[in-house]
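Morning, everyone. Please put the model up on the screen, and we'll walk through it together.

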Amino acid sequence: MSRFFFILSLGLVTACSSYRLGGPKPSFTRIEVAPVRNSTSRPGTHAVLQEKILEALSGDPRIKIGSGEALLTTEVTQYKREGQTANSADAFLISTYRVTFIVRCTLTTEGGKHVLFKDREFSAAVTFQPKGDPTAEELSLGPTLFAEIAAQIREAATTAW
């Protein structure tokens, strides 16, 4: 019986020895994040997204931020604010809104010769009910939505290719 446990524990040690924190190694070790562009009517969104992308990527121990092997270009392409109603007759009584941001990214390596993904869309949405100043409350949603999008971008960029 002890021989069985010895073989089992040897198998577990061998299987777990290849585990690396953060997952498989990406195809690059340095990534440059180009300034985020904004083609929406919502000003200032590009700065918040830029910050969230840098935070998300710098949290990955497998890569470093800076010029080098990979280039990530990002553009905020859509901003939607839609009123949610129960029926079409109460359009003037909207108290709930759904805010959505859509971002398009391209990731290249080898000076643009190798495309890992091109014009890939990432999005995040939230439904909210303003209690006071709806504009200020809506602006406060941006960092949370962009943190979610940045996490999606980090996951896509660092997945083993």
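Which residues does Ile149 touch, not counting residues up to four places away in sequence? Touching here is contact, meaning heavy atoms within 4.5 Å. The list is Leu49, Phe101, Val103, Phe122, Ser123 and Ala124.

Before we go on, some ground rules. This is a predicted model, where local features need pLDDT of at least 70 and side-chain atom pairs count only at pLDDT 80 or more, while totals for chains, interfaces and linings use all residues. Residues are numbered from 1 along each chain as its sequence is written, and side-chain values use heavy atoms, with hydrogens and water left out.

Now the core. Ile149 is among the residues with the most contacts inside the largest nonpolar core, along with Ile53, Leu72 and Leu107. That core has 31 residues. A nonpolar core is a set of buried Ala, Val, Leu, Ile, Met, Phe, Trp, Tyr and Cys residues joined through side-chain atoms within 4.5 Å. Buried means under 20% relative accessible area, exposed over 50%, and partly exposed in between, with a 1.4 Å probe and protein chains only. Who supplies this core? Strand 1, helix 2, strand 4, strand 5, strand 6 and helix 4 each supply at least two residues. Helix 4 gives the most, with seven. Helices (H or I, at least four residues) and strands (E, at least two) are DSSP runs, numbered from the N terminus. In soluble globular proteins, nonpolar side chains tend to be buried together.

Next, strand 1, residues 30-33. Ile31 and Val33 are on its covered face, Arg30 and Glu32 on its uncovered one. In a regular strand the side chains alternate between the two faces of the sheet. Strand 1 runs parallel to strand 3, joined by two bridges. Arg30 has Lys64 as its bridge partner there. With strand 4, strand 1 pairs in the parallel sense over three bridges. Two strands pair if DSSP finds at least two bridges between them.

Now Ser67. Where is it? In the loop between strand 3 and strand 4. Ser67 counts as exposed because its relative accessibility is 54%. Leaving aside neighbours within four places in sequence, Ser67 is in contact with Arg30 and Glu32. Ser67 and Ile31 are 36 residues apart in sequence, yet 6.2 Å apart in space, C-alpha to C-alpha.

Last one: Thr45, in helix 2. Is Thr45 buried or exposed? Thr45 counts as buried, because its relative accessibility is 6%. Beyond four places in sequence, Thr45 is in contact with Asn38, Thr40, Val76, Phe101 and Phe146.
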